[in-house]
Amino acid sequence: ADFFVHPLYHALLQVKCIPFLDVTTGVRKLSCFRASDVMSVPVVTVHEHATVGSLIQKLKDTRHNCFPVLKMETEEFCGTISRHGIELILSQPHSVLAASDLNSKSNKRPPTLEWEQVMTMKERKFLGRNRTPHVPQILHGVVLDLSRWIHTSPYTVREDFALSETYFLMRGLQLRHLIVLDGHHVVGIITRKDLLGQNLEKCVRAAAGLSAVKSYSTFEMPPDDYVDVDGSSGRWGLMP
C-alpha cells in the first residue's frame with residue numbers, strides 16, 4: 001500500500017511535527033552549500049560559571065533544549081549543557097545551591113546529592129505546566145560551577161562544512177543539535193528542524209539568491225549548463 005499512497009507512519013510523523021530526516025532530502029546539489037547557510041543565529045549560550053538568576057531567565061525566555069557553554073575569560077566553546085541538566089541543577093535543595101556559591105568565602109566543599117535524590121526533588125517541583133524550578137530571589141545571585149554538568153565532547157562542524165555532509169552526519173548519528181564553530185568560537189547551531197524539507201529548501205534558496213523564484217514542491221537547482229548571470233539576483237542564463 002505504501003507504494004501507491006503516502007505511508008501512514010510518515011504521515012503521522014508529519015502530523016505530530018516530529019523532526020524525522022529522510023534518507024534523501026529532495027533538494028539537489030547540497031554539496032554546493034555550507035552549514036552556515038542553514039544554521040540558526042544568534043545562539044543562546046551560557047557561561048561555565050553562571051548565576052542562578054541567569055539560568056532561570058534563559059529557561060523562561062527560550063524553549064531550547066541545548067545550550068553551548070563558553071569559557072569565562074575567552075568566550076571559547078567548551079561544551080554543551082541540556083535544558084534537563086539546568087533543571088536538575090536548579091532542583092537541588094536551596095541549602096545546596098547556597099553552599100555551591102563560588103563567591104562564598106567558606107572553604108567547605110559544597111555538598112553533593114545522589115542522582116536519585118536530585119530526580120526526586122525535580123519530580124516534586126515539576127508538577128505544573130511551568131517546568132522552571134522556583135528559586136527564592138535571594139539565591140538568584142549565587143554563582144554556580146557548571147563544569148561537572150557539561151557535555152565536553154559534542155559533535156561540532158566548521159561554518160564552511162558541506163551542507164550535504166552536515167545532513168547525513170545528523171541523520172546517521174541521530175543528532176538533535178550540531179554546534180557550528182569558527183575556530184573555537186560559536187557562530188551558530190543546527191537542529192533537525194533546520195534540515196526538514198521546507199526549512200531546508202527555504203535556506204538553500206536564500207543562499208542561492210533564488211528567494212524570488214517560483215517555489216516548487218521539490219526544489220531543483222538550475223541545470224549544469226546554466227550560470228548565475230548577475231550575482232545573487234536570481235537571474236540565470238545559458239552558459240556562453
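Is the crossing of helices α2 and α3 left-handed or right-handed? In this predicted model, the crossing of α2 and α3 is left-handed. The legends below describe this crossing and its surroundings.

**View 1. The protein chain as a whole contains 7 helices and 10 strands.** Of its 240 residues, 36% count as buried. Among the contacts in the chain with a separation of 6 or more, 61% are accounted for by residues 24 or more positions apart.

**View 2. Helix α2 packs with helix α3 at an angle of about 135°.** Helix α2 comprises residues 52–61, and helix α3 comprises residues 83–90. Their axes lie 11 Å apart. Because of this angle, α2 is oblique to α3.

**View 3. Residues of α2 meet residues of α3.** On the α2 side the residues are V52, L55, I56 and L59. Their partners in α3 are R83, I86, E87 and L90. By class, the residues of this contact divide into 6 nonpolar and 2 charged, with no polar residues.

**View 4. Helix α2 has buried residues along its length: V52, G53, L55, I56 and L59.** These residues cover an arc of only 165° around the axis, and therefore they lie on the same side of α2.

**View 5. Several elements take part in covering the buried residues of α2.** What covers them includes the strands β1 (46–47), β2 (49–51) and β5 (143–145). Helix α3 is also included in this cover. V52, L55, I56 and L59, which are among the buried residues of α2, also meet α3.

Note on methods
Residues are numbered from 1 along each chain as its sequence is written. This is a predicted model: local features need pLDDT of at least 70, side-chain atom pairs count only at pLDDT 80 or more; totals for chains, interfaces and linings use all residues. Side-chain values use heavy atoms; hydrogens and water are left out. Axes are lines fitted to C-alpha atoms, for helices over the stretch in contact, and angles run from 0 to 180 degrees between N-to-C directions. Helices (H or I, at least four residues) and strands (E, at least two) are DSSP runs, numbered from the N terminus. Angles under 35 degrees count as roughly parallel, over 145 as roughly antiparallel, 65 to 115 as roughly perpendicular and the rest as oblique. A crossing is left-handed if the near helix is turned anticlockwise from the far one by less than a right angle, and right-handed if clockwise. Contact means heavy atoms within 4.5 Å. Ala, Val, Leu, Ile, Met, Phe, Trp, Tyr, Cys and Pro count as nonpolar, Asp, Glu, Lys and Arg as charged, and the others, Gly among them, as polar. Buried means under 20% relative accessible area, exposed over 50%, partly exposed in between (1.4 Å probe, protein chains only). The arc is that of the directions from the helix axis to the C-beta atoms.
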